[in-house]
Amino acid sequence: RAGHELSVYKYITGNGNLDVPNNVIGGTDVEVGIVPEPGNELVYLELNGQEVTNQIQDNIFRVTPGTESLTFNATFLRVYDVLEGDGGEHIIGSEKPLAFKINNDVTEFCGTGVLSIDGEYQDMSTDCEVDPDSQTIILPANILNALGVGEHSFEAWFSEPESGTARASFKIIEESDDEEEHVPVPNTGV
């Protein structure tokens, strides 16, 4: 009933916690703090079977519960740094790939990882390439040349050796014609 203390259940996956106040009372506003451990972030939050991740602002989720208990399911993931390659550029039509150096072991990535570009999952069975010595995931030119000119996002999801994600952005640009950009101005003697 509204005005009575509600039961609260938390199910956490990954490295983080939900800071839920003691004595949650039905019908009163509740602020739930999202507390990821350093190097982690919340990627999914569910309340009573409904996803509410997009309702989080500044690591706070606000809710006014009714009369039922609150059951939270939260998933935190490790966020790996992209040490090199973020902000890279690819000239459309070029055969040169883009490489993203990640601070995680990429050895098993092609068999266990997931890669998305602009939110679209890539076929890792044919287009996956890594350099385990340099901890680099390589985007081949055939994938890059199929993208339009402009800014794009790269996201790698790891399940081995530890679950996590790495995100970067890159640009596809058109080849510039240096001759047009540097046309000499004729000396007219004026």
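Buried means under 20% relative accessible area, exposed over 50% and partly exposed in between (1.4 Å probe, protein chains only). The model is predicted: local features need pLDDT of at least 70, side-chain atom pairs count only at pLDDT 80 or more, and totals for chains, interfaces and linings use all residues. Residues are numbered from 1 along each chain as its sequence is written, and side-chain values use heavy atoms, with hydrogens and water left out.

**View 1. The Phe 61 and Phe 72 ring pair.** Both Phe 61 and Phe 72 are buried. Five aromatic pairs are found in the whole structure; rings of Phe, Tyr and Trp (its six-membered ring) pair if their centres lie within 6.5 Å, and planes under 30 degrees apart count as stacked, over 60 as edge-to-face and the rest as tilted. The centres of Phe 61 and Phe 72 are 6.4 Å apart and their planes stand at 85°, so this pair is edge-to-face. Phe 61 belongs to strand β6 (residues 60-63) and Phe 72 to strand β7 (residues 70-79), so the pair ties together parts eleven residues apart in sequence. Strands (E, at least two residues) and helices (H or I, at least four) are DSSP runs, numbered from the N terminus.

**View 2. The Tyr 80 and Phe 158 ring pair.** With ring centres 5.5 Å apart and planes at 75°, Tyr 80 and Phe 158 are edge-to-face. Tyr 80 sits in the loop between β7 and β8 and Phe 158 in strand β15, 78 residues apart. Both are buried, and together with Phe 109 they form one aromatic cluster.

**View 3. The sheet β8-β10-β14-β13.** Four strands form an open antiparallel sheet in this order; two strands pair if DSSP finds at least two bridges between them. β8 (82-84) and β13 (129-131) each have a single partner strand, so one side of each is left without a neighbour in the sheet. Between β8 and β10 (residues 98-102) there are two bridges: Val 82 is partnered by Ile 102 and Glu 84 by Lys 101. β10 and β14 pair over four bridges, with Leu 139 as the bridge partner of Leu 98.

**View 4. The largest nonpolar core.** A nonpolar core is a set of buried Ala, Val, Leu, Ile, Met, Phe, Trp, Tyr and Cys residues joined through side-chain atoms within 4.5 Å. The largest has 23 residues, and those with the most contacts inside it include Phe 100, Ile 102 and Phe 109. Its largest share, four residues, comes from β16. On β10, Leu 98, Phe 100 and Ile 102 make up the covered face, Ala 99 and Lys 101 the uncovered one.
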